[in-house]
Amino acid sequence: MQQKTQIKQEDIKIKVPKVGDIIDAVYLGNDGLYAFFDISGFKTGVICGKEFLDAKNVIENLKKGDTVKVRVIELENEEGFVELSMKEAGKELNWKTLKELKEKGEVIKVKIEKANKGGLITTISNIQAFLPVSQLSIDHYPRVGSDPQKILKELQKFVGKEMEVRILDIDPKEDKLILSEKEKESETLKKIVSNYKEGEIVEGEITAVVDFGAFIKFSKDNIKPIEGLIHISELDWKLIEDPSEIVKKGDRIKAKIVKIENDRVFLSLKQLKENPWEKIKSKYKKGDVVKGKVKRVANFGAFIELSPDIQGLCHISVFGSKEELLKHLNLEKEYEFVISEFNPDNYRIILIPKFLVDQQKETQKQ
């Protein structure tokens, strides 16, 4: 004869949830305004009001006895029920899933919904995500320079299209979900880039010309082509304002790899040209009077052409303001200047208009 085990009241332990907890709840039914749930024998829970309306589509598809995840938002409302939220629980679980995807480095397919000047916007698991311009792949990066309107126009082409991305940064407290398209190709690019070394000369095609330089696509030995950047400062020894003065899209050129940084390659066109600064080391010295043509005026001074490849700077400080400088120096006009600093190793010549030097000498005599 089996002996019955007597269950004492103190042996029955009911786990009491806390506000904010995500718990399992068993669906009991709804009356069109309230959805009722059993919470592990503790109390009856209820989803009502706005929470009910937000979760109505989900609730209508539940069957009695189904277990769902809910968040406790109030332990006891005016009617004595535990108030629950299905939406808040779902959002928390979505963040948890997204964190797991980031940790695993999973590639996610998303559909672009909107674009702004900074990047693209999409939604993953009902959470808005942002894909910055800087995190676009090489093929999708807008090659239109820094004009915000042109960038926006290019980005709008991706609205409605699918992209494969990885999660770059996630912060549920700030509702921040940042994506990267180029991260998914980073490892592949690093392997390709490992076939090159700094100082190597490559041949390729100019794929885009922008205000900060030019992109060149190149390859070797049946290796998949990659793209690198020739910065505006590396296009020519002379100072240039517009890279299209030197290269055009479609040009085939040779360039020297000057820097490799992770999966990015930076190249130089000017380093394959003769350095004009080497020629002038013995031609000029501090104190020399030279003739030069005003080629460009910036906020910090005027660029003076001494030869087709060499430009010096007349600093704004010698005049006090840009307005005063423009009163005395006209674009494309030639003037005499005195070299106040000569440093060809750093590609630097500082000039002062001769008439100002003469004025200063006269003042000193008096």
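This is a predicted model: local features need pLDDT of at least 70, side-chain atom pairs count only at pLDDT 80 or more; totals for chains, interfaces and linings use all residues.
How do the residues of the lining of the second largest pocket divide into nonpolar, polar and charged, and what are the numbers?

The lining divides into 10 nonpolar, three polar and six charged residues. The space in this second largest pocket comes to about 370 Å³. It is lined by 19 residues, and Trp237, Leu239, Phe303, Gln311 and Tyr347 are the closest to its centre. Two or more lining residues come from each of strand 19 (310-315) and strand 21 (348-353).

## The largest pocket

The largest pocket holds about 420 Å³ of space. Its lining has 18 residues, and those nearest the centre are Ile138, Tyr141, Lys182, Phe215 and Arg264. By class, nine residues of this lining are nonpolar, three are polar and six are charged.

Three elements each give at least two residues to the lining of the largest pocket: helix 5 (183-193), strand 14 (226-231) and strand 16 (264-268).

## The barrel

Five strands form a closed barrel in the order 12-13-14-16-15, and their pairing is mixed. On average, neighbouring strands of this sheet are turned by 50 degrees against each other, direction ignored. Strands of a sheet pair through backbone hydrogen bonds, in either a parallel or an antiparallel way.

Strand 13 (residues 213-218) and strand 14 run antiparallel and are joined by six bridges. Phe218 stands opposite Ile226 of strand 14.

Notes: Residues are numbered from 1 along each chain as its sequence is written. Side-chain values use heavy atoms; hydrogens and water are left out. On a 1 Å grid over the protein atoms alone, a cavity is a set of points where a 1.4 Å probe fits but cannot get out, and a pocket is an open set with protein on both sides within 12 Å along at least five of seven lines; lining residues have an atom within 4 Å of a point. Grid points are joined across faces, edges and corners, and a volume is the space filled by probe spheres set on the points. Helices (H or I, at least four residues) and strands (E, at least two) are DSSP runs, numbered from the N terminus. Ala, Val, Leu, Ile, Met, Phe, Trp, Tyr, Cys and Pro count as nonpolar, Asp, Glu, Lys and Arg as charged, and the others, Gly among them, as polar. Two strands pair if DSSP finds at least two bridges between them. Axes are lines fitted to C-alpha atoms, for helices over the stretch in contact, and angles run from 0 to 180 degrees between N-to-C directions.
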